[in-house]
Amino acid sequence: MRAIIILIQCFFVFNSLQSQTMGQGVKFMSYNIRLDHAGDAENNWHHRKVDMIGYIEEIAPDFMGIQEGMVGQVNYLNQNLPNYDFIGVGRDDGIEAGEFSAIYYRSADWKLVKAETFWLSPTPEKPGLGWDAACIRVCTYGIFEDVSQNQFLVMNTHFDHQGQTARKESLKLINHFVENISADLPVVLMGDFNFDPSSPLYKDLTSHLTDSFTPLKNAGSVSTFNGFKMLAEPDKRIDYILFNKKAALVDYLIDRPKTKNGLQLSDHFPVIVQIKLK
């Protein structure tokens, strides 16, 4: 009898978890945290990092894609977010050098099945500068599994800020990946794309994936870039979270967190969504 009771309890716990993750939606956050740059003065990472930890713990995303994280920042987040593990490599050497487009995930709730990084260049399998890009750029992805062994793909990237050809070709690479390698999986793509919806590239981006943006949740400015200014530029929505037809949007928000001193927590605003995986 005791064994039967335990089995029944396990059944209800399992189904409760399944309902929580699949029914209410999975929370994703894309956040360009701004690299640790000495020239940022009062906005330097050293002055923001404790507040960043507090903010992430408050939001408690299931998955968080960061951009511009240097190895020291990546490790600091890893050491101070005990409920999370991360995947990703430094873009310059495939190990620790240069910025990461890391993905943090709640390791108690999600099983990592596969993780890789590819470079946004003509040679995506190894570090290298792509086309007319000013910087080496990458896309990190992971295949994750929920409690009922359903798998889904999470991707995180950061497009070049100068190279127009690089952004166009980078988008082709990612579209090819989504179409041909992950056709049977729910897909969520996060990142700083360095172009806004007025760009022709936005049409290409959203021809394969759905932009999670919903303006009603963000009255007024919908910018995701602030440049550490207190008033964001209104036409700078360059950070996106997108999903394919095997997922559906539950909720969307461009948040505007501040440090305890009232300054911007980063030079970008985080994009936060809840997505139900079909």
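Which residues does aspartate 211 touch, not counting residues up to four places away in sequence? Point 2 takes this up.

1. Basis. This is a predicted model, in which local features need pLDDT of at least 70 and side-chain atom pairs count only at pLDDT 80 or more, while totals for chains, interfaces and linings use all residues. Residues are numbered from 1 along each chain as its sequence is written, and side-chain values use heavy atoms, with hydrogens and water left out.

2. Aspartate 211. Its contacts (heavy atoms within 4.5 Å) are Tyr202, Thr206, Arg237, Tyr240, Ile241 and Leu242, with residues up to four places away in sequence not counted. Aspartate 211 lies in strand S9. Strands here are DSSP runs of E with at least two residues, helices are runs of H or I with at least four, and both are numbered from the N terminus. At 13% relative accessibility, aspartate 211 is buried. Buried means under 20% relative accessible area, exposed means over 50%, and partly exposed lies in between, with a 1.4 Å probe and protein chains only. Isoleucine 241 is 30 residues away along the chain, yet the two C-alpha atoms are separated by 6.3 Å.

3. Overall fold. The protein chain has five helices and twelve strands. Of its 278 residues, 50% count as buried. Among contacts between residues at least 6 apart in sequence, 71% join residues at least 24 apart.

4. Helix H4. This helix spans residues 164–180, 17 residues in total. From first C-alpha to last it reaches 25 Å, close to the 24 Å expected at 1.5 Å a residue. The expected span is 1.5 Å times one less than the number of residues. Buried in H4 are Ala166, Arg167, Ser170, Leu171, Ile174, Asn175, Phe177 and Val178. They cover an arc of only 165 degrees around the axis, so they sit on the same side of H4. The arc is taken from the directions from the helix axis to the C-beta atoms. An α-helix has 3.6 residues a turn, so residues three or four places apart point the same way. The cover over the buried residues of H4 includes strands S5 (111–119), S6 (138–145), S7 (151–158) and S8 (187–192), and helix H5 (200–205).

5. Helix H3. In H3 (residues 71–80), the buried residues are Gln73, Val74, Tyr76 and Leu77. Their arc around the axis is only 160 degrees, which puts them on the same side of H3. Their cover includes H2, strand S2 (63–67), strand S3 (84–87) and strand S4 (103–106).

6. Positive phi. Alanine 41 has phi near 50 degrees, a positive value in a residue other than glycine. Alanine 41 sits in the loop between strand S1 (26–32) and helix H2 (45–59). Its relative accessible area is 52%, hence exposed. Phenylalanine 228 has phi near 65 degrees, also positive and not glycine. Its loop runs between strand S9 (210–211) and strand S10 (239–243). At 15% relative accessibility, phenylalanine 228 is buried.

7. Cysteines. The disulfide count (cysteine sulfur atoms within 2.5 Å) is zero. Cysteine 135 is partly exposed at 22% relative accessible area. Cysteine 139 is buried at 0%.
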